[in-house]
Amino acid sequence: MVTVEQVRQVALGLPRAYEALVRDRIKFRVGQIVFVAFSADETTMGFGYPKEARDGLIAAEPGKFFLPRVSDLRFNWVEAWAAALDEDEMRELVTDAWRMCVPKRVAAAHLG
């Protein structure tokens, strides 16, 4: 199980990332783009993920990942149960979501 604090440590360690509180929901952004967000009760974590790959991710682990609400299907976004994620998996998901939001040179410089 991952916590908001664990995600915060990873997300805020990434260049250009910052935290925002929007309608009682914790969100991590680059500029105005949200790359990770928690539900108000912190049980689910949404993250940026390529639309063309999300069906495969959800089909592979339907007890862990699920589609966002209908109004968010147009975005590159997937939801996960925080209790089902382990720390290594969360780190990878958060970093990959962040990488989708920053210029390639910023990601390359940070990830080396």
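Phe66 stands opposite Glu79 in S6. This is a predicted model, in which local features need pLDDT of at least 70 and side-chain atom pairs pLDDT 80 or more, while totals for chains, interfaces and linings use all residues. Residues are numbered from 1 along each chain as its sequence is written, and side-chain values use heavy atoms, without hydrogens and water.

Strand S5 (residues 65–66) runs antiparallel to S6, joined by two bridges. S6 also pairs in the antiparallel sense with strand S4 (residues 44–48), over five bridges; there, Ala80 in S6 is the bridge partner of Met45. Pairing requires at least two DSSP bridges, and strands are DSSP runs (E, at least two residues).

## Largest pocket

The largest pocket holds about 560 Å³ of space. Of its 18 lining residues, Lys27, Val34, Asp72, Phe75 and Trp77 are the closest to the centre. Strands S2 (25–30), S3 (33–38) and S6 (77–81) each give two or more residues to the lining, and S3 gives the most, with three.

A pocket is an open set of points on a 1 Å grid over the protein atoms alone where a 1.4 Å probe fits, with protein on both sides within 12 Å along at least five of seven lines; lining residues have an atom within 4 Å of a point. The volume is the space filled by probe spheres set on the points, which are joined across faces, edges and corners.

## Helices H3 and H4

Thr95, Trp98 and Arg99 in H3 are in contact (heavy atoms within 4.5 Å) with Val106, Ala107, His110 and Leu111 in H4.

Terms used
Helices (H or I, at least four residues) and strands (E, at least two) are DSSP runs, numbered from the N terminus.
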